[in-house]
Amino acid sequence: MRFDRNGTNLIVADAFFGLLEVNPETKAVKTLLPPTPGFNGKPFRFANHLDIDEDGTIYFTHSSTKWQGHQAFYSIFEGDKTGRLMAYHPKTEKMELLMDGLYFANGVQISPEGDHLLVVEYAASRIMKYVYEEFCTLSHLLVRVYTMIGQFSMPYFTVSPAKFK
């Protein structure tokens, strides 16, 4: 979860209820994106992590279109590659698919410069870099991270952004 750019509402990627907007003062909850219908006929069964751009665009991962949060281990051990990186534009209420075929995508971070995203593929033990371009996109393997089978918590990284220029 992250606060929106106004610092007023929490934006939450909920594994069962999709993207939510929560007002901490009034306790009001608004659904921004429900799990169904999803995108291109594929539901958001496991919204997982998000980050918010300066213009308010919400980038989020969802780990699987097949398995839900309480079934995460099935997704990992099956080698399910239905995870996606999405962008949701609240001003226009439009979505776009940025990356598809990800192995249990469960983390996204906007770079300090705002020119690319880092996306964790937990089941593939790697971090992908999504580079913004005006008319096309480019993604490539950034870092290989070794994890132990059965380790379920999201890996955390402390890496200087200067190393990836």
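**Group meeting: cores and confidence in a predicted model**

Let me start with the largest nonpolar core, which has 14 residues; L19, L50, I58, F60 and Y88 touch the most other members. By nonpolar core I mean buried Ala, Val, Leu, Ile, Met, Phe, Trp, Tyr and Cys residues joined through side-chain atoms within 4.5 Å, and buried means under 20% relative accessible area with a 1.4 Å probe, protein chains only. At least two residues of this core come from each of β2, β4 (29-33), β5 (47-52), β6 (58-62) and β7 (83-89). The most, three residues, come from β5. A second, separate core has 13 residues, including V108, I110, V119 and M128.

Some ground rules. This is a predicted model, with local features needing pLDDT of at least 70 and side-chain atom pairs pLDDT 80 or more, while totals for chains, interfaces and linings use all residues. Residues are numbered from 1 along each chain as its sequence is written, and side-chain values use heavy atoms, without hydrogens and water.

Overall, the protein has one helix and twelve strands, taken as DSSP runs (helices H or I, at least four residues; strands E, at least two) numbered from the N terminus. Of its 165 residues, 43% are buried.

Now confidence. The mean pLDDT, the predictor's per-residue confidence from 0 to 100, is 76 for the protein, and 72% of the residues score at least 70.

Technical notes: Buried < 20%, exposed > 50% of the residue type's maximum accessible area, 1.4 Å probe, protein only.
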